[in-house]
Amino acid sequence: MLRPVSAPDGCLSVVMPCYNEVATIDEIVSRVLASRFTGELIVVDDASTDGTRRRLSQYDDPRVRVLLQPENRGKGAAVRRGFVEASREFVVIQDADLEYDPGDWDALMAPLVRGDADVVYGVRMQEGPSHRVPYFWHMVANRVLTLLSNMLTGVRLSDMATCYKAFRLEVIRSFDLRENRFGIDTEITAKVAAGGWRIWETGVSYTSRNYAEGKKITWKDGIAAFVCIVRYGISVRVRKLGRRA
């Protein structure tokens, strides 16, 4: 039986990469700030051109920190910058759209607060009485990429590419991340595996949006993710073999 937990208020640094999300930014910031876990919200705007930056400049909550990228560099670059600035005991990545719900943070944080995990992945697309259907090929690609990642890292994950990854602060401090785009998910997974950090998974709700609503990932990012999995996964295998020698 799992031990009950009570996470302290304000224990979480929320890293939010953001690019052209004027339609959703107010709602997601409101949801994040409504959580008792939120100690700081670090929004890294990736050179938005749709009015998002103007909206971000109007927030006056002292927990909100807005970092402006001088040019569009990609989600990975935004996450990396946010990680450098994070200062609370725990850190979570939160997209600036409404696909992921901060209401799931209780489940995401529990293994960390109990001391059972160093990293927690929020698994999407859980079956339930009602959910929005994601793109079929996106689902297939995610499962294939997750399987390949598992084969190379030796970690049995259900959803490698999920946005919802929560960490102890010391975990992200151990990373030397380099990816600028969506390959950041595969790089993080490989480096979590290489570091021998304890990983848990928990189910989270997921409301997939379509391209008309601003979805940005494409087939090109899938190919790039494949390349990253091979590159970083082989590195993990070599490191593990070296430890056994």
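**View 1. Contacts across the sequence in the predicted model.** Let's start with how the chain comes together: if we take the contacts between residues at least 6 apart in sequence, 80% of them join residues at least 24 apart. The elements to look for as you browse are eight helices and seven strands.

View 2. Of the 245 residues, 50% count as buried. The chain exposes about 11,900 Å², and 54% of that area is supplied by carbon and sulfur atoms.

View 3. Is S48 buried or exposed? S48 counts as buried because its relative accessibility is 11%, and the cut-off for buried is under 20%. Setting aside neighbours within four places in sequence, the residues in contact with S48 are C18, Y19, N20 and R53.

**View 4. Polar partners of the S48 side chain.** Two distances are worth a look here. The side chains of S48 and D45 are joined by a polar contact of 2.6 Å. A polar atom of the S48 side chain also lies 2.7 Å from the backbone nitrogen of N20.

**View 5. Confidence along the chain, and residues 127-131.** The mean pLDDT of the chain is 86, with 82% of the residues at 70 or more. Over residues 127-131, however, the pLDDT is below 50, and this stretch has zero contacts in the model beyond near neighbours in sequence. A friendly caution for anyone setting up calculations: where pLDDT is low, the predicted coordinates should not be read in detail.

Key:
Residues numbered from 1 in each chain as written. Heavy atoms only, no water. pLDDT = per-residue confidence, 0-100. Contact = heavy atoms within 4.5 Å. Helix = DSSP H or I, 4+ residues; strand = E, 2+ residues; numbered from the N terminus. Buried < 20%, exposed > 50% of the residue type's maximum accessible area, 1.4 Å probe, protein only. Areas by Shrake-Rupley, 256 points an atom, 1.4 Å probe, with all protein chains shown as cover. Polar contact = N/O pair within 3.5 Å; in protein donor to acceptor, adjacent residues only side chain to side chain.
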